[in-house]
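The following note sets out numbered remarks on the structure shown below. Please read each point alongside the coordinates.

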Amino acid sequence: MIDVIDLTKVYGKLVVLDHITETIHEGERVVILGPSGSGKSTFLRCLNCMEDPTSGSIIFDGEDLTDMKVDINLHRQKMGMVFQQFNLFNNKTVLENITLAPLHIGLKKIKGREQRAAFKAEVEANAHRLLQRIGLDDWADKYPSTLSGGQKQRVAIVRALAMNPKVILFDEPTSALDPEMVGEVLDLIKQLAHEGMTMVIVTHEMGFAREVASRVLFMDGGHIVEQGTPEEVFDHPKHPRLQEFLSKVL
Amino acid sequence: MGDFRIKVDTFYEYFVTYEGYRDVLEGLKNTLIIAVLGLIIGTVIGTAIAAVRVMPKYKRLPRMLNGFCNGYVALFRGTPMVVQLLVFYYVLLPLMGFNLRSVPVAIIVFGLNSGAYISEIMRGGIQSVDPGQMEAGRAVGLSFGTTMMKIVIPQAIKNILPTMGNEFIALIKETSVVSFVGAMDLCVAFKDIATNSYEFIVPYIAMAIVYIVLVALISLGVKWMERSLRKSDRRN
């Protein structure tokens, strides 16, 4: 689904990603582990070109996203992203956070007042369904500043879902949360995993990684140094760097 | 105080009997029109310039626009408003074949001038908004412009409202330079009463009071707007 070919990212003289070639297949749940500074977040953010790769290609839906002529916005609609800091739109209510992009993008294609009203009602009904799913429909008209961290992140996840993405990228979704709120967010991600959503997750939650991943990538120094099923990576690590990493975090 | 009493009476005579109040009302109207329309034009120009300046500069067009905007801001911040007013009224607009009256010219110049200042205010405001907001907008597939208009600028405006209030107050007070191109404003109206009656103290005090009241009203308005914009904050 996403083909990463010879991806390199350089900041000044610092090589963050060093000629990475990797493929994310449909239905996969790829978890990326690694020490801080290993390039795992940068790798994730290059997948939807939130960071522009220095060289290399990202092939999604048969198009090279690094090509400046490609309409990146169109492709990002199919690639949800969930941030460490949630990044809910502060000036929009919870419901508007979810409906903003679908409405803005959908209404451009629809003419006629009745059709537009019908489309708007449909998008809003869908947003309410998503909010009910995470038990926050009562909060639909509240602003994000009134939500707890865990609630914000769950809204951020359904905001991504509202676009019906083919893949969701999670950038350390629980790192900014109080410990007691981590569970509710991970549970929601696990539900999506069970429903077959393709996802790429950067996380430090080892138990969660082992449970949810279909494949684990271990990154260090801008390379993917080892990868495999959770059992292979966690129970039989081969690379010394991975062994050292696991001995510290497990 | 008997002396002062006479001065007040003289002012009253010129203000009411000789209908000086007509000029004052006309001047007040012009002052407000120039400042308000100037602020509106300035906000539009300033927002556009600020948006260009924070735009990603991979492509050539944004880079060229950015160069143009830098020149614009340097020009309008680097010269006094009076000079701009004189150049536009006596040189530039006539050369371009426009013969506008002094008030419309003042509106244009005030708009262009405050646009340069407001662009800097807006840029600061835009940069004070968490970059994550822009990222989140782009990540759901909205364009840079849409995210800017719907997410970033509304939050930036909340941050810069007090500074914009200052800009408006500065514009109100700076309208006193439009007499250079022969427009009637508050300052000219009171000055006329003073010179006609040979009594300066009372008209000038009255003028100062009118300005103070105007500015106080604006401050109140800004406070009220700030409160209503705080909706999305926690204390509601």
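1. The side chain of B:S197 makes a polar contact with the backbone oxygen of B:I193, at 2.8 Å; such a contact is a pair of N or O atoms within 3.5 Å, and within protein one must be able to donate a hydrogen and the other to accept it, with residues adjacent in sequence counted only if both atoms are side-chain atoms. B:S197 belongs to helix α8 of chain B, residues 186-197. Helices (H or I, at least four residues) and strands (E, at least two) are DSSP runs, numbered from the N terminus.

2. The model is predicted: local features need pLDDT of at least 70, side-chain atom pairs count only at pLDDT 80 or more, and totals for chains, interfaces and linings use all residues. Residues are numbered from 1 along each chain as its sequence is written, chains are lettered from A and ligands numbered from 1 in the order in which they are written, and side-chain values use heavy atoms, with hydrogens and water left out.

3. B:S197 has a relative accessible area of 10% and is therefore buried (buried: under 20%; exposed: over 50%; partly exposed in between; 1.4 Å probe, protein chains only). Leaving aside neighbours within four places in sequence, B:S197 is in contact (heavy atoms within 4.5 Å) with B:T10 and B:Y14.

4. Is B:M96 buried or exposed? B:M96 is exposed, because its relative accessible area is 52%. This residue lies in the loop between α4 (81-95) and α5 (102-128) of chain B. B:M96 is also one of the residues of a nonpolar surface patch, among them B:V83, B:Y90 and B:F98, with about 820 Å² of accessible area together. Areas come from the Shrake-Rupley method with a 1.4 Å probe; for residues, only the protein chains shown count as cover.

5. Chain B as a whole contains nine helices and zero strands. Of its 236 residues, 45% count as buried.

6. In chain A, strands β1 (residues 2-11) and β2 (residues 14-24) pair in the antiparallel sense over seven bridges; pairing requires at least two DSSP bridges. A:K9 has A:L17 as its bridge partner in β2(A). The two strands form a hairpin with two residues between them, and A:G12 in the turn has a positive phi of about 60°.

How values were computed
Patches are made of residues with over 30% relative accessible area and no salt bridge: like charges are joined within 9 Å, nonpolar side chains (Val, Leu, Ile, Met, Phe, Trp, Tyr) within 5 Å. A salt bridge is a side-chain nitrogen of Lys or Arg within 4 Å of a carboxyl oxygen of Asp or Glu.
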